[in-house]
Amino acid sequence: MTPPPLNRRSFVVAAAGAAAAAMALNPHTASAIDREGTDKGGDDFADADRGFIAALVPGVVKNAKGDVVWDNDAYAFLKKDAPKTANKSLWRQSQLVSKQGLYKVTDRIYQVRGLDLSNMTIIEGDTGIIVVDPLISAETAAAALKLYRGHRGEKKVTGVIYTHPHVDHFGGCRGVLPAGSEDGVPILAPDGFMEHAVSENVYAGTAMQRRSGYMYGALLAKSPVGQIGCGLGQTVSVGSIGLIPPTKDITETGQVETVDGVRFEFQMTPGTEAPAEMNFVLPELRAVCMAENATHTMHNIITLRGAQVRDARQWARYLDESVVLFGGRVDVAFASHHWPTWGGDTIVELLEQQRDLYAYMHDQTLRMINAGMTGREIAEEIELPPALAGVWANRGYYGSLSHNVKGIYQRYMGWFDGNPAHLWEHPPVEEAKRYVKAMGGRTATVAKAKAFAGSGDLRFAVTLLNHVVFADPGHKAAKSELAKLYTKLGQASENAVWRNFYLVGAQELREGVRDSPTSVTSADMLMALSVDQLIDSVAVRINGPRAWELKLRMDWSLPALGKVWHLTLRNGVLTYRSDAEKNPDAGVTLTMTKPQLLAMLGGKGLGDIEVEGDASLLSDLLGVVDKPDPAFAIVTP
């Protein structure tokens with residue numbers, strides 16, 4: 001089933017108001033989606049159901065305390081037709097992604113889908129099973145493994161593969177390899193996996209976690225008026241996160257490894273969906289795993305939670321390489337999200353369509369940059385060719401053409417668009433006060449915003465209302481009206497994470513900030529950090545002005561690692577070097593193990609750490625380290 005082409009203009013209109021209003025403004029697109037968007041007779045629905053063996057009943061996973069960490073049954077409402085409070089195309093995607101259970105992909109390959117944001121793939125070897133991408137949480141991974149074993153037998157885990165270093169592809173490792181059971185089990189991952197698996201969650205981890213609450217809508221009610229999915233999966237589980245380090249690095253395309261009698265041939269794809277990522281083919285089984293490089297949605301070039309901009313140009317080139325490497329050799333392609341694709345020609349078509357999608361976004365953005373256009377202008381002007389826009393797998397359910405183009409602009413040109421007026425703008429609150437004053441005051445600005453909303457221009461209406469809220473966060477009428485318009489924008493959006501951002505913003509305007517249940521911090525994650533990364537995590541939290549006059553030197557000696565780290569704090573900057581010798585000029589030397597270092601940084605004091613010199617220097621250092629706020633304001637000042 002092929003969807004109608006959606007050009008940029010129709011998407012903007014469709015995202016400009018409630019779904020019904022969008023349809024009225026753009027009848028061709030709306031009526032076409034209405035006809036096809038909830039039609040269950042298409043190939044995607046057949047493919048999503050193909051190989052179904054059994055579902056987890058009930059589709060709920062709890063932790064040892066009895067707390068729910070995953071509830072797929074909460075999405076039962078998706079079995080109905082799309083309501084007016086949801087974009088029909090996104091509703092269709094969520095219907096597909098919410099399918100849950102154990103599926104047979106092909107001989108010896110199974111997937112458990114719908115028990116977390118990602119899929120867990122199980123490959124049957126000669127003596128046991130190889131688990132690929134064991135979800136986010138130990139609890140969901142254990143439930144997935146139990147579901148598999150209930151139908152395929154009590155096979156032991158004889159190998160684990162991480163396709164890339166995002167937490168939804170390794171965090172549940174302890175659910176398939178509990179502590180103490182990993183000895184002798186090969187764990188394969190792309191070169192650079194450990195560095196990227198932990199660094200993303202350290203330097204800007206607090207801010208990313210906060211914005212992830214918006215992106216995935218974890219605190220939104222699952223309902224036709226609330227969270228209906230994420231486009232890539234339904235949501236994120238909130239269980240225990242682990243990290244077992246790889247035992248074998250995959251370093252080059254063409255590398256061959258045999259695990260439990262199964263032959264794997266790897267393709268390295270760094271800089272695509274993750275800084276370290278890989279695909280692999282199983283030649284004897286005529287199957288290919290595309291990791292997260294080719295899924296049934298436009299992916300993110302820049303994620304709204306925050307991340308380094310991905311390389312759309314390289315992404316397209318690696319997909320083209322995949323066509324060459326795997327074309328004619330496979331009968332099924334499966335991935336870390338969504339449902340598989342069967343048939344050699346159909347697989348090549350999917351890879352080529354996704355290749356052209358990322359290449360077109362990249363090349364046309366660069367063309368428009370060199371014509372003098374800014375990122376915002378390009379995002380408003382660019383359209384996908386009908387042959388690409390008319391492919392369900394290219395639709396912007398997770399990434400969007402709008403924010404991806406801005407990400408590509410950012411990668412090449414940075415934050416500044418070249419206009420001197422934008423070189424030294426006021427910060428949001430001060431700018432808002434001036435805009436509101438220029439508009440005639442708060443009441444007048446709210447009235448003007450309502451007029452723009454009434455004429456269908458919700459985009460400018462929320463801009464005006466946002467200025468009022470930032471100028472006066474206690475202005476109830478502005479907050480109420482802004483929340484109402486955010487709700488309309490969210491419920492009309494085809495992009496799941498845009499929907500979630502708008503709806504979480506509306507919720508926080510009405511109810512205030514609530515603590516997020518998600519956290520990527522765990523003992524495994526902390527132990528995986530190198531000492532360098534731990535020091536870096538302290539350095540980026542130094543309160544510079546408070547530390548301007550503070551000067552100190554200290555050594556952190558970790559004999560088990562055979563190194564001494566020499567830390568210097570001066571001019572509000574914490575720097576360090578490392579070698580094998582202690583510094584005689586250090587004001588204090590702390591000799592410790594890595595667990596002791598983690599405990600010390602976690603606020604548990606010196607404990608049994610060996611101290612030589614002035615122990616108060618540690619208090620001086622930690623006294624100028626800020627504690628991040630995981631609930632900082634976003635839609636208010």
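Biologist: Let us begin with one residue of this predicted model. Is H362 buried or exposed?

Modeller: A residue counts as buried when its relative accessible area is under 20%. H362 has 6% relative accessibility, and therefore it counts as buried. H362 belongs to helix α11, which covers residues 344–369.

Biologist: Which residues is H362 in contact with, leaving aside its neighbours within four places in sequence?

Modeller: H362 is in contact with A312, R313, I408 and Y412.

Biologist: I should like to turn to the helices. How does the span of helix α9 agree with its number of residues?

Modeller: The expected span is 1.5 Å times one less than the number of residues. Helix α9 (residues 205–216) has 12 residues and should therefore span 16 Å; its end C-alpha atoms are 16 Å apart, which agrees.

Biologist: Which residues of α9 are buried, and what do they pack against?

Modeller: The buried residues of α9 are G205, M208, R210, S212, G213, Y214, M215 and Y216. These buried residues pack against α19 (496–511). Just after α9 comes G217, which takes a positive phi of about 60 degrees.

Biologist: How many residues does the largest nonpolar core have, and which of them touch the most other members?

Modeller: A nonpolar core joins buried nonpolar residues through side-chain atoms within 4.5 Å. The largest one here has 76 residues, and those touching the most other members are M120, Y162, V176, I542 and W556. Helix α6 (residues 138–152) supplies the largest share of this core, namely six residues.

Biologist: Which residues does M120 touch, not counting residues up to four places away in sequence?

Modeller: Among them are Y110, V112, V131, P134, L135, A141, A144, L145 and V176. There is also a second, separate core of 33 residues, which includes V281, M298, I301 and L366.

Biologist: Let us consider charged residues. How many salt bridges does a search of the whole structure find?

Modeller: Side chains of opposite charge can pair when their charged atoms come close. The search of the whole structure finds 23 salt bridges.

Biologist: Where is R355 placed, buried or exposed, and which residue does it form a salt bridge with?

Modeller: R355 forms a salt bridge with D356, and their closest N and O atoms are 2.8 Å apart. R355 counts as buried because its relative accessibility is 19%, whereas D356 is partly exposed, with a relative accessible area of 30%.

Biologist: Which salt bridge links distant parts of the chain?

Modeller: The side chains of E612 and K582 meet in a salt bridge of 2.9 Å, N to O. E612 is in strand β21 (residues 610–613), while K582 is in the loop between β19 (573–579) and β20 (588–591), and the two are 30 residues apart. E612 has a relative accessible area of 35% and is therefore partly exposed; K582, at 40% relative accessibility, also counts as partly exposed.

Biologist: Which residues are linked in a network of salt bridges?

Modeller: R174, E182 and D524 are linked in such a network. Within it, the side chains of R174 and E182 meet at 3.3 Å, N to O. R174 is partly exposed, with a relative accessible area of 22%.

Terms used
Residues are numbered from 1 along each chain as its sequence is written. This is a predicted model: local features need pLDDT of at least 70, side-chain atom pairs count only at pLDDT 80 or more; totals for chains, interfaces and linings use all residues. Side-chain values use heavy atoms; hydrogens and water are left out. Helices (H or I, at least four residues) and strands (E, at least two) are DSSP runs, numbered from the N terminus. Buried means under 20% relative accessible area, exposed over 50%, partly exposed in between (1.4 Å probe, protein chains only). Contact means heavy atoms within 4.5 Å. A salt bridge is a side-chain nitrogen of Lys or Arg within 4 Å of a carboxyl oxygen of Asp or Glu.
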